[in-house]
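Please find below some notes on the attached model.

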Amino acid sequence: MSTDVAVPYLDISDPAFAMHSEAVRGARAQHWFARTNYGVAILRHEYVSKLLKDPRLSQGSGKWPDHNGVHSGLFYDWWTQCLLVLEGDDHHRIRRLLNPAFAPKHLEPFLPRFEALARELVEDIIDKGELEFVNDFAEPYATRVLCILLGIPESEWTTIARLASTIGLALGVTLKQDLGIVEDALAELYGYAENLIADRQANPGDDLVTTLVQANANGDSLSDSELRNALCLLIFGGMDTTRNQLGLGVMSYMHNLDQWELLAQNPELARNAVEEVMRTNPTTTWVTREAVVDFEYEDLRVTAGTTVHFFTQVSGTDPEAYPNPEIDITAERVPHYGFGGGMHHCLGHFVARADMAIALTVLSERMTNLRISGKDEWLPDSGNTGPVRLPIGFDKR
Amino acid sequence: MQIHVDRTKCDNHGQCTFSAPTVFRLDEQGILQHETTADESLRHDVEEAADVCPAQAITVTD
């Protein structure tokens, strides 16, 4: 690592650490990367764009269980075979077989059902003038979208939400002490996924599981265990992230109510409205990679094994790339990295982009004058953030 | 079959290289390089590459 004294230092494990802070903005103005207590943080858009896709960096999460004292077992086996952590030809093969099912043309038929769901959830609270956004909208919406995609009865959404949230504990530093409940949840989800796969093999439908069961590339297809691992990853990776991002999105527009009104009057801007939130207030506040080899990049020297964090919100508001970084849903922008990038670019981004655009459209169409109406609670501003509790008051429109 | 990549949209993620590795590749600088024509036998793979591109930067024409 560079020993240049001009390189700033950020303590990212400090409970008070905040991405939206003068300290982080100051570090970005000072230099393109910072040292942290967990490796290097890349702060500027230009460098995130270049280095995030650099083949000298691997995804780096593969050793997460080992780093937390977990070296075997059901969770270990699942995690270390997940697309998320695979590299090289093993990754490319699985990714190729999964990618087409998540392409826009396969998602198009589901969009009217996402919209009907958003309208149903809004209708339930519209006359109350208040909602707890996480419980009343974001969590049921994010989970039932997954149910619709996978062809699971929507009535089972609470089971899916519980399993996804429990397995999500595995991303915490308390993994080892939570391992028992994580593995119980994963075993239950395995059973769920295996039943789904067997059912769609026998009774093909019009859902994403059927598309994956039938996925074929030059004679190659996914084995039953590869399918199961992928479905579990999809549920694990698709629910919390969308729930959190929706909460962050609504919070952003509560601070930019003129933009909310603009969206309500111009629903064709909904896709941009999602991009602006992902750029300025992403749930994944950093994307992590690990150096595979020793290398130098300008004045940054890293050794193999060094962790490199790409700060998405910080690079997404870099004034060099975004001269007017405030939310503007009419602006043409260069790409942000809220969905990561390179070969590990988020698999489900087309789903997330589409379902969040629909949610924001329906919410802005029916609700105006949004304001915090009670005590809000938030996850830490590191890793994957978002509201735990977000009471919102509004006027019906 | 003609292949066009809109360089104002392409962000060099390289997802297309998984679908059609003989048509699309990333060079040593990580920049996408691609053939501008391909044999009809590759149509399925090239159209899949266009479908899955995160930036929707690839157009395939006859």
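1. A residue counts as buried when its relative accessible area is under 20%, as exposed when the value is over 50%, and as partly exposed in between. The coordinates are those of a predicted model. At a relative accessible area of 7%, B:C16 is buried.

2. The cut-off for a disulfide is a pair of cysteine sulfur atoms within 2.5 Å. B:C16 takes part in no disulfide, and its nearest cysteine sulfur, in B:C53, lies 6.5 Å away.

3. A:C346 has its closest cysteine sulfur in A:C82, and the 14 Å between the two sulfurs is too far for a bond. With a relative accessible area of 27%, A:C346 is partly exposed, whereas B:C16 is buried.

4. B:R43 belongs to helix α2 of chain B, which covers residues 43-52. Is this arginine buried or exposed? B:R43 counts as buried because its relative accessibility is 19%, and the limit for that class is under 20%.

5. A polar contact of 2.7 Å joins the side chain of B:R43 to the side chain of B:D62. Leaving aside residues up to four places away in sequence, B:R43 touches B:D62, B:V60 and B:M1.

6. Three cavities reach 30 Å³ or more. The largest cavity holds about 100 Å³ of space. Its lining consists of 14 residues, and those closest to the centre are B:C10, B:N12, B:H13, B:G14 and B:C53. By class, the lining of the largest cavity has nine nonpolar residues, four polar and one charged.

7. The second largest pocket has a volume of about 880 Å³. Which residues lie closest to its centre? Of the 30 lining residues, they are A:E275, A:P335, A:R353, B:P54 and B:A55.

8. Three helices of chain A, namely α6 (104-107), α14 (270-280) and α16 (349-366), are the elements that give two or more residues to the lining of the second largest pocket. The most comes from α14(A), with five residues.

9. The lining of the second largest pocket divides into 12 nonpolar, 10 charged and eight polar residues. For the largest cavity, the charged class holds one residue.

Note on methods. Residues are numbered from 1 along each chain as its sequence is written. Chains are lettered from A and ligands numbered from 1 in the order in which they are written. This is a predicted model: local features need pLDDT of at least 70, side-chain atom pairs count only at pLDDT 80 or more; totals for chains, interfaces and linings use all residues. Side-chain values use heavy atoms; hydrogens and water are left out. On a 1 Å grid over the protein atoms alone, a cavity is a set of points where a 1.4 Å probe fits but cannot get out, and a pocket is an open set with protein on both sides within 12 Å along at least five of seven lines; lining residues have an atom within 4 Å of a point. Grid points are joined across faces, edges and corners, and a volume is the space filled by probe spheres set on the points. Ala, Val, Leu, Ile, Met, Phe, Trp, Tyr, Cys and Pro count as nonpolar, Asp, Glu, Lys and Arg as charged, and the others, Gly among them, as polar. Buried means under 20% relative accessible area, exposed over 50%, partly exposed in between (1.4 Å probe, protein chains only). Helices (H or I, at least four residues) and strands (E, at least two) are DSSP runs, numbered from the N terminus. A polar contact is a pair of N or O atoms within 3.5 Å; within protein, one must be able to donate a hydrogen and the other to accept it, and residues adjacent in sequence count only if both atoms are side-chain atoms. Contact means heavy atoms within 4.5 Å.
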